[in-house]
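Colleague: I would like to learn how to read a few features off a model. Please take them one at a time.

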Amino acid sequence: MNRNYRDKKWIEFRESIFEMDGYSCVKCKRTPPEVVLQVHHKYYVREKPPWDYPTSSCETLCRGCHGREHGEIRPSEGWVLYAQEDLGGLYGECECCHTSLRHVFYIQHEKWEPMAVGTDCCDSLTGTTEATEHRKLLERKKRFLCSKKWKKSPSGLRLEQGKLLKIEICREDVEYRIHMNGVRGGKTFASEIIAKTLIFELIQSGKAKDFAKRHPWKKEM
């Protein structure tokens, strides 16, 4: 143990920090004897004794929260989701709870290595429902792409969304074009799946509904 931490000046300084913070961890709010309190220095200056810092640069943390601050214990909060991936099968493993995964969420933290986790762990560590909402969106998209509402037509596929929207995916040589309420789209797509995916995104975002208001469907008699 560093001799500085046995020095009377350090003991007095440490006690003053504890007192200012009400003898509780400023992160988790727990107090002794439930936890062991320590003083966390927000920065260090080489050769500077630990008591020779402004009190504003120090705070009271329990041993666990102190370890997380220094990257010794995996943080339980403050994670951010930055990417996700569908592996197509249970080929992955959550780095937090070690369950098998198909849908992998990649999260990062400023004081820890990035991790690949599952839906529940992602939501727990990020403090959000991003992973759950993403899973719901994927499931909705899958149902849309495979929906029995898609019907074969002489030109390709058609889909009627209520009384407002009629969608057609028409084959043109080796490509596909979207028609909405009789209006021919300007872009072509390499496959029906790609065209369906764009249609799903337009419906999900509300843009398809806005389009239908501007270009009402005149149903054939």
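Modeller: We can start with a loop: Asp 173 lies in the loop between β10 and β11. Keep in mind throughout that this model is predicted.

Colleague: What is the phi of Asp 173?

Modeller: Phi of Asp 173 is near 60 degrees, which is a positive value in a residue other than glycine.

Colleague: Is Asp 173 buried or exposed?

Modeller: The cut-off for exposed is over 50% relative accessible area. Asp 173 has 73% relative accessibility, so it counts as exposed.

Colleague: Which loop holds His 98, and what is its phi?

Modeller: His 98 sits in the loop between β4 (92–93) and β5 (100–101). Its phi is near 65 degrees, again a positive value in a residue other than glycine. With 53% relative accessibility, His 98 counts as exposed.

Colleague: What should I look at in the peptide bond from Pro 32 to Pro 33?

Modeller: Look at omega: this bond is cis, with omega near 5 degrees. Pro 33 is placed in the loop between α1 (8–20) and β1 (37–41).

Colleague: Now helix packing. At what angle do α4 and α5 pack?

Modeller: Helix packing is read from an angle and a distance between axes. Helix α4 (residues 130–145) and helix α5 (residues 192–205) pack at about 125 degrees, and their axes are 10 Å apart.

Colleague: Which residues of α4 and α5 meet?

Modeller: From α4 come Leu 137, Arg 140, Lys 141, Phe 144 and Leu 145; from α5 come Ile 193, Lys 196, Thr 197, Ile 199, Phe 200, Ile 203 and Gln 204. By class, this contact has 7 nonpolar, 2 polar and 3 charged residues.

Colleague: What does Lys 141 touch?

Modeller: Leaving out residues up to four places away in sequence, Lys 141 of helix α4 touches Thr 197 and Phe 200. It has a relative accessible area of 26%, so Lys 141 is partly exposed.

Colleague: How do the axes of α3 and α4 cross?

Modeller: The axes of helix α3 (residues 119–126) and α4 come within 7 Å and cross at roughly 145 degrees. Thr 119, Cys 122 and Asp 123 of α3 make the contact with Glu 130, Ala 131, Thr 132 and Arg 135 of α4. The classes here are 2 nonpolar, 2 polar and 3 charged residues.

Colleague: Which residues are in contact with Ile 167?

Modeller: Setting aside neighbours within four places in sequence, the contacts of Ile 167 are Trp 150, Leu 157, Arg 158, Leu 159, Ile 178, His 179, Met 180, Ile 199 and Ile 203.

Colleague: Is Leu 81 buried or exposed?

Modeller: The cut-off for buried is under 20% relative accessible area. Leu 81, in strand β3 (residues 80–86), counts as buried because its relative accessibility is 14%. Residues up to four places away in sequence aside, Leu 81 touches Phe 105, Tyr 106, Ile 107, Cys 122, Thr 126 and Glu 130.

Colleague: How far apart are Leu 81 and Leu 145?

Modeller: They are 64 residues apart in sequence and 26 Å apart in space, taken C-alpha to C-alpha.

Colleague: And where is Leu 202 placed?

Modeller: Leu 202 is in helix α5. Its relative accessible area is 23%, so Leu 202 is partly exposed. Not counting residues up to four places away in sequence, Leu 202 touches Met 180, Lys 207 and Ala 208.

Note on methods
Residues numbered from 1 in each chain as written. Predicted model: local features only at pLDDT ≥ 70, side-chain atom pairs only at ≥ 80, totals over all residues. Heavy atoms only, no water. Axes fitted to C-alpha atoms, helices over the stretch in contact; angles between N-to-C directions. Helix = DSSP H or I, 4+ residues; strand = E, 2+ residues; numbered from the N terminus. Contact = heavy atoms within 4.5 Å. Nonpolar A, V, L, I, M, F, W, Y, C, P; charged D, E, K, R; others polar. Buried < 20%, exposed > 50% of the residue type's maximum accessible area, 1.4 Å probe, protein only.
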